[in-house]
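The remarks move from the pocket to individual helices and then to the chain as a whole.

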Amino acid sequence: MTEEFISVIDRIVSASIDIISDAGLESLTTANISMRINLSEVMIYKYFSDTDEILREVVSTYFKFDKSIFRTLLSRDSSYTDRLMDYVTAYSSYYGNYYSLSAIMLQYEELLHNTHTRDIVESGYTERRNGLIALFKGAIENDELTLEGADAEELADHLLGLFIICSLNRRVMNRRMSYKDEVVAIYRRWINTISRKKY
């Protein structure tokens, strides 16, 4: 896709995500964005009042995926463990295809200390966690899991931890597998230890 078909706002947000991925949150400046997308700082200010507003849009973009995927999964007529597998596959494909976006996940702590992004991170993370809890709870209630005394919140937290660890590993170490393949393989090994159906 050429730049003519991408809105200026999307270009600014995309460049901001790449800057954060490459050099961290402190490097997000209008000067750096301007250089990255060859757009004057004056034009950036036409769309955003400051970098805090840009950062809010970046974090909102990061969590946009969740709403649509959970809506899709909840409308499917399939087992809860199948829906969980579909979530893991979709999630890992999305973040695997957009390497820079996963850097936002690794900035949760700092974004929670930023008064401009705290509410978005808290809301987005809580919605993601609650969506996974609902799927695990459904799997437990439908007797799809063999883990006695399984707790939906704990299982959701294990899965969220898997995403974070695989993202960090990918950034620190040279990985042979794609992000999607690695996440799905680890999840499959884990879920097969507690699921009646094998994946």
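1. In this predicted model, 17 residues line the largest pocket, and I6, D10, R11, S14 and A15 lie nearest its centre. The volume of the largest pocket is about 280 Å³.

2. The lining of the largest pocket draws at least two residues from each of α1 (8-23), α2 (30-37) and α4 (51-75). Helix α1 provides the largest share, eight residues. Sorted by class, the lining of the largest pocket comprises eight nonpolar, seven charged and two polar residues.

3. Helix α5 has 18 residues, and the distance from its first C-alpha to its last is 25 Å, close to the 26 Å expected at 1.5 Å a residue. Its buried residues are T81, D82, R83, L84, M85, Y87, V88, Y91, S92 and Y95. The cover over these buried residues of α5 includes α4, α6, α8, α9 and α10.

4. Helix α10, residues 179-192, has 14 residues and reaches 20 Å from its first C-alpha to its last, close to the 20 Å expected at 1.5 Å a residue. Buried in α10 are Y179, E182, V183, V184, Y187, I191 and N192. Among the elements that cover the buried residues of α10 are α5 (80-97), α6 (102-105), α8 (118-141) and α9 (152-172). As a general point on such patterns, an α-helix has 3.6 residues a turn, so residues three or four places apart point the same way.

5. The loop between α5 and α6 contains S100. Is S100 buried or exposed? S100 counts as buried because its relative accessible area is 10%, and the cut-off for a buried residue is under 20%. Neighbours within four places in sequence aside, S100 is in contact with I17, D18 and S21.

6. At the level of the fold, the chain has 10 helices and zero strands. Read from the N terminus on, its elements run α-α-α-α-α-α-α-α-α-α. The C-alpha atoms fill a box of roughly 60 × 35 × 30 Å along the principal axes.

7. Of the 199 residues in the chain, 44% are buried. Among contacts in the chain with a separation of 6 or more, 66% are between residues 24 or more positions apart. The chain has an accessible surface of about 10,600 Å², and carbon and sulfur atoms account for 51% of this surface.

Note on methods: Residues numbered from 1 in each chain as written. Predicted model: local features only at pLDDT ≥ 70, side-chain atom pairs only at ≥ 80, totals over all residues. Heavy atoms only, no water. 1 Å grid on protein atoms, 1.4 Å probe; cavity = no way out; pocket = protein on both sides within 12 Å on 5 of 7 lines; lining within 4 Å. Points joined across faces, edges and corners; volume = space filled by probe spheres on them. Helix = DSSP H or I, 4+ residues; strand = E, 2+ residues; numbered from the N terminus. Nonpolar A, V, L, I, M, F, W, Y, C, P; charged D, E, K, R; others polar. Expected span 1.5 Å × (residues − 1). Buried < 20%, exposed > 50% of the residue type's maximum accessible area, 1.4 Å probe, protein only. Contact = heavy atoms within 4.5 Å. Areas by Shrake-Rupley, 256 points an atom, 1.4 Å probe, with all protein chains shown as cover.
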